[in-house]
Amino acid sequence: MQLDERKMKILQAIIRNYLETGEPVGSRTISKYTDLNLSSATIRNEMADLEEMGYILQPHTSAGRIPSDAGYRLYVDTMMEEKQREVEELKETLLKKEDKLDNLLKQTAKLLATSTNYATMVSAPVMHRNKLKFIQLSKVNAEQILAVIVIEGNVIKNTILTVDEEFSDETMLKLNILLNTHLNGLSIEEINLAMITALKQQAGIHSEIISEVIDAVAEAIHDEEDLQIYTSGANNIFRYPELADHEKASELISTLEEKQALGELVHETLADENSNGIQIYIGKEAPIKTMDDCSIVTATYELGEGMKGTIGIIGPKRMDYDKVVDNLKTVMHQLDSLYKK
């Protein structure tokens, strides 16, 4: 069975009406809602076809229809690009540059929650596959060496290494040349055991310092991968009857507060190289079990030098996808432009 233009318009009318009311949609409502000038009987036949195709559901025998996950998916994939609204209030607010990025991200989460009436999350930017840019070893005193480690994004980590004997200036120079020649431009995953063994052999009696420096590099990159997530609007969940059930609402709010599962969502979002910035998860498509009854719309923002973060909006499946995507696109671009100023 083919989804022709008439069926598509009726499906769109059902989804839009359900987004507004949260109530099953009948044929009489559709006859008034569309410009097709069709009788209720014709619309009922078309709705029966859409149900057979899996795009709508009939929750009760005498009730109207509601969109299925497949119906939402079709709506998202084919209709989202028809509208690109500007969200002037968000734009003006984000253009007021905050002193600190974390304050800006917290404010962004709150503004999105207020603007959309859904729950929101914003992750602080992290480095995608951090790579080492430079290592500088220098003497502090006879028993200590300062290792300055620079990773992507010009993030600098300082580590004090303890040694058994004082290193000469010549030894320090050789170690700096050895480490930078072999390690610059590599991620921690690319520094393998064979490479470490070869470096130790070349370092000779100073091989132990090689192990300590590589441990310090790994720790510096790991520190940067600790994920900070800001959330807002958890209480908005209670606005929607399908999510306001005590058990469901408690699980959702716990997920937003504890943030561990949100971290998994962020990592999945950032790992998708084909997302083009916006991803939409409907129902069980999301990697978070407590959100099976929700839709999640995420955007990936980038601040340069491989620094990326995720903005997400969580709401019912009948969320206003057009408005949500417009909000996210505006915020995504404004974060990028703010950071570059």
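This is a predicted model: local features need pLDDT of at least 70, side-chain atom pairs count only at pLDDT 80 or more; totals for chains, interfaces and linings use all residues.
A residue counts as exposed when its relative accessible area is over 50%, as buried when that area is under 20%, and as partly exposed in between.

E166 is exposed, at a relative accessible area of 52%. The side chain of E166 meets that of K139 in a salt bridge, with an N to O distance of 3.7 Å. K139 belongs to strand β5 (residues 132-141), whereas E166 sits in the loop between β7 (155-162) and α7, so this pair ties together parts that are 27 residues apart in sequence.

A second pair is formed by R318 and E242, whose side chains meet in a salt bridge at 2.7 Å, N to O. R318 is located in the loop between β11 (307-316) and α12 (321-340), and E242 in the loop between β8 (229-232) and α10 (246-258); the pair therefore ties together parts that are 76 residues apart in sequence. R318 is buried, having a relative accessible area of 11%, while E242 is partly exposed at 28%.

K248 forms a salt bridge with D293, and the closest N and O atoms are 3.1 Å apart. K248 lies in helix α10 and D293 in the loop between β9 (278-282) and β10 (294-302), so that the bridge links distant parts of the chain, 45 residues apart. K248 is partly exposed, with a relative accessible area of 33%, and D293 is likewise partly exposed, with a value of 33%. Elsewhere, salt bridges that share partners join D4, R6, K7, E46 and D49 into one network. The count of salt bridges comes to 11.

Two packed helices are described by the angle between their axes and the distance between the axes. The axes of α7 (residues 169-183) and α8 (residues 193-203) come within 11 Å and cross at roughly 160 degrees. Angles over 145 degrees count as roughly antiparallel, and α7 and α8 are therefore roughly antiparallel to each other. The crossing of α7 past α8 is right-handed. On the α7 side, L175, L178, H182 and L183 make the contact, and they meet M195, L199, Q202 and A203 of α8. By class, this contact of α7 with α8 comprises six nonpolar and two polar residues, with no charged ones.

Terms used. Residues are numbered from 1 along each chain as its sequence is written. Side-chain values use heavy atoms; hydrogens and water are left out. Axes are lines fitted to C-alpha atoms, for helices over the stretch in contact, and angles run from 0 to 180 degrees between N-to-C directions. Helices (H or I, at least four residues) and strands (E, at least two) are DSSP runs, numbered from the N terminus. Angles under 35 degrees count as roughly parallel, over 145 as roughly antiparallel, 65 to 115 as roughly perpendicular and the rest as oblique. A crossing is left-handed if the near helix is turned anticlockwise from the far one by less than a right angle, and right-handed if clockwise. Contact means heavy atoms within 4.5 Å. Ala, Val, Leu, Ile, Met, Phe, Trp, Tyr, Cys and Pro count as nonpolar, Asp, Glu, Lys and Arg as charged, and the others, Gly among them, as polar. A salt bridge is a side-chain nitrogen of Lys or Arg within 4 Å of a carboxyl oxygen of Asp or Glu. Buried means under 20% relative accessible area, exposed over 50%, partly exposed in between (1.4 Å probe, protein chains only).
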